[in-house]
Structures are given as C-alpha cells and as structure tokens.
Amino acid sequence: MCAVASDYDLSQRTLQFLSSPRQQLIGGKWVDSASGQTFGVVDPATGEEVVQVARGNAADIDAAVAAARKAFESGPWHSMTPSERGKLIWKLGDLIESHARELAELETLDNGKPFAIAQAADVALAADQFRYYAGWATKLLGDSIPISVVYAPGTEWQAYSRREPIGVVGQIIPWNFPLLMAAWKLAPALTCGCTVVLKPAEQTPLSALYLGQLICEAGFPDGVVNIVNGFGEETGAPLASHPGVDKVAFTGSTEVGKLIVQAAAGNLKKVTLELGGKSPNVVFSDADLASAVPGAASAIFFNHGQCCAAGSRLFIEHSIFDDVVNGVAGAAKQIKVGSGFQADTQMGPLVSQEQFDRVTAFMEAGLAAGAEALAGGGRVGTRGYFVEPTVFVNTNHEMKIVREEIFGPVVTAMPFKDIDEIAAVANNTNYGLASGIWTKDISKAHKLAKRLRAGTVWINCYNIFDAALPFGGYKESGWGREMGHEALNNYLETKAVCIQL
C-alpha cells in the first residue's frame, strides 16, 4: 500500500483491503487479469498513486460473460425463487450499511469527495437502492389477457404474459458516484433475475471491488455478479460489443454513449443510457431567495459540479438578477475547498488530471470569450486537482461555457424577462436531463414544468434523489430510466403465452 493512504486515519478494514491484491471477480473467484497487467489508482487530493488494481482486457470480458451466462442458465440463481432473491438483495443492503465507513473512505480516497458526504449520501443511498428493489423481487407480475381471435369464432383461449429476466447484462458505471451508480445498476438487474458483468470507471474502481467482497459475503451464487476493471477501449468496448451480452447499461458522457449504441448493434442487444446534461435552473422574482440562493449554489457545486444533473445554466428573472447572482457568488467564495478527509472540507478535488485540465480549459475559454468571473475562475493550490467554485456572468448562448457540459463547479448566470422567454431558452440545448424552478407561484411552476424538455423537474429544491423516483433524460441525455419501478423494465422481457382450450 502506498504511503498516501497511510497518511489518512483509515479504518483497519480499509487498510486491510488496500493491502490485499485488488483483483477481478469472475465466476465467484478473485483472479488476476488474463494479461497479468495492473494499473494505478490515484488520490486526486495529492495526484499520487495509492494502489494498483488488475487491468482487464477482452479476454477477461470473455471469461466474465461466460461465467455470467452459466449462472443465468443453470445453477442456484436460475432456480432461485423471487423471495430468495429478494432476501439476498436485502442482505447486501444491510452489509453496505454495516461497512459504511470503509466504503465512504474508499470513495473519498478514489474520487475526492468529502468523507462525511460520501457516508451520509452515497453509501446510505446505495444501501437504500438494494432494499427498495428487494421488495420488487416478488412483484414482477404478468397479465391475464382476454383475447378475441376474430378469425376463430367459438374457440376458447387462455392467454397471459410473463415478465422474464433479459439475461446477461453488461453494466458500465462512471466515476462521479462510483458506489451509488453501481447500486443503481445492480439492484434492479439482480431483482429481475439477470446476471451481470460490471465494469467500474478506471479512475474509481475501489468501492466496486469492495462491494464485490460484500456480494460474495452475502451469498450470491458464483457468476451472478462479475467485476472487471480496466480502461474503456480495453474492457468497456469489448463488453458493449460482446455477442454473449443481452443488454448493456451505461452511465457517462453523451459522446461515449453514442459509441455504446454503435457497439451494441452487432447482436441488437438492448441498451439504456444515462448521459450528459446542461441543466437549466430558473429563479423567478417571486421566489423565496432565502432558499433559492443557497439552492442554486448547491445545484451546481454539489459533488464538485461533477454531476450530470448539475444546474449549470442559472437563469434569473431580470429584476432580481443582481441579488441572486451576487448571493450565489458569495456562497461560492465561502466554500471550503480541501482534502475530503479534512473535517471542514465542503468541496474536494476533481477526480483526475484529465478532468482538471478539461474544467480549467473551459474556465479559460469563458474568460477569453468575455465572460466575467464573479467568483472563482482558477485552480486552488499547486497540489492535487482542486479548482475554485466559479460563477460566470456577462455570458451569452453562443459561448462554449453555456452550450457544452463542463462537469465541474462552474455556473453561467443570465437574466430573463418572462415565462415564455425562459421556456424557449431553457430548452435550447441538445440535453434534457434535469431542471429546476424556484417560485412561490405553484401555477407558474406547473406550467413551466410541463414545457421543460427534461426528465426531472425540481421545484423549490434541487438534487433530490430517491430509490422510488425515476431518473433519466430527454434528447441526448439518454434512453430509459434509472430507479423507481420503471428501471425494472430495463432488465425484463415480456413473453406472451396463448393456449387453445
């Protein structure tokens, strides 16, 4: 284990995990990669390597898919009752909760987010995902269908539908919420009776590997969940194109999502995508500014702005523009930026050098185009991947910082005059993931919510997530929905059965 990890006050279980081989889970066994290669995991607060993990490739994907296929078609998982599946999934939720400290430490070490937030939000929500879906295992119902068959008069029929698991699922998760995104993907797939090959982001594999240990401890049969580490070209692409995979679920950038669709075309596997966003956050003059101002700040600065639903385009009614934008800028200046392991840290580093370079390049492009930074606009310190929470004004719709997803703590603020103007402007984007509305006029809120082309509309709140609440995007923000009972449809086939009596 690298000295970087020992610098922090980590639990003994976390230290033990970091000191052991970080292999891959295939067919119920922890194994080295087929090539024997490994790659380094970096602490974004320092830029230094923490540990090495196995580096998978197409051969490892082949082995994992074969193990998942075997588990799906034969063995204990194939014959397990829905009630038994539900109990296993619930047990996994309990294990996540009992290992909350370790999982949160790994998220902070891997991703950089503050430890307290990782424990209270990421880990708690992940446990809740498994418990929510455990209850659905016994409720995947078909229908009894009265049919007429007009060309066979006088004949009696019995017809019904069945909901059956889609099969072997490839799941590719991002680095911004590593554990939680694994839960979003795994819980509904397992509930439906699918088997899974999970590919964590190469920047943040540690919590997924720890979750793999808990999956084994819970008693899931061999091969039901397989975890292969690696880079997109070496593991993600072979998984998306694999002929033995029946469905692929991906969360990440829209650019990569389009590549996933192309890769899936070979065997026409089912695809769901949760992709990028450039979400509008609208503050009307009648809003309660005591909640709207901190709400707008949280909408963009939560999780360092590394959130697909981030309220990155802030629209403020003209008469209150200065009050709101200065309030958000003031909040930005008060945010304590530092290591996620420091108790007073409110915002940690960006996840990687690549992401740091991307975000700072956007900042520079905004300033060069004539935008003014009321707060932030640069990096913090000289070590690690820290940037300042940034608020840009004097922006317009032609600017790169307004059009493109930055995926960092950078918001552009612009004034508007009325609801008709803002509806058109808010929808003037290729994305459609989320949106926010701040107003005391509930009629106005409902009218605008109906007109916004976004999968989620938060009214007088932002970044509210729940296992029962579906989440996903319009337009280039994706296909399908995560969470809620709708996510189950991602992993089920419908079979019609017809009997002549």
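Reader: What makes a stretch such as β5 a strand or α3 a helix, and which of these elements each supply at least two residues of the lining of the second largest pocket?
Author: Helices (H or I, at least four residues) and strands (E, at least two) are DSSP runs, numbered from the N terminus. The elements that each supply at least two residues of that lining are α3 (58-73), α4 (76-79), α5 (82-98) and β5 (157-165), and the largest share, five residues, comes from β5. This is a predicted model, in which local features need pLDDT of at least 70 and side-chain atom pairs count only at pLDDT 80 or more, whereas totals for chains, interfaces and linings use all residues. Residues are numbered from 1 along each chain as its sequence is written, and side-chain values use heavy atoms, with hydrogens and water left out.

Reader: Why is this space called a pocket, and what volume does the second largest pocket have?
Author: On a 1 Å grid over the protein atoms alone, a cavity is a set of points where a 1.4 Å probe fits but cannot get out, whereas a pocket is an open set with protein on both sides within 12 Å along at least five of seven lines. The second largest pocket has a volume of about 380 Å³, a volume being the space filled by probe spheres set on the points, which are joined across faces, edges and corners.

Reader: What makes a residue part of the lining, and how many residues line the second largest pocket?
Author: A lining residue has an atom within 4 Å of a point, and 20 residues line this pocket, with R85, R162, R163, E164 and P165 nearest its centre.

Reader: What makes the approach of Q171 to Y491 a polar contact?
Author: A polar contact is a pair of N or O atoms within 3.5 Å; within protein, one must be able to donate a hydrogen and the other to accept it, and residues adjacent in sequence count only if both atoms are side-chain atoms. The side chains of Q171 and Y491 are joined at 3.2 Å, and the side chain of Q171 also has a polar atom 2.8 Å from the backbone oxygen of K185. Q171 belongs to strand β6 (residues 168-172), and with a relative accessible area of 0% it is buried.

Reader: How do you know whether the radius of gyration of the protein chain agrees with that of a compact globule?
Author: The radius is taken over C-alpha atoms, and the globule rule is 2.2 Å times the number of residues to the power 0.38. For 501 residues a compact globule would have a radius of gyration near 23 Å, and the protein chain has 24 Å, so the two agree. Buried residues make up 56% of the 501 residues.

Note on methods: Buried means under 20% relative accessible area, exposed over 50%, partly exposed in between (1.4 Å probe, protein chains only).
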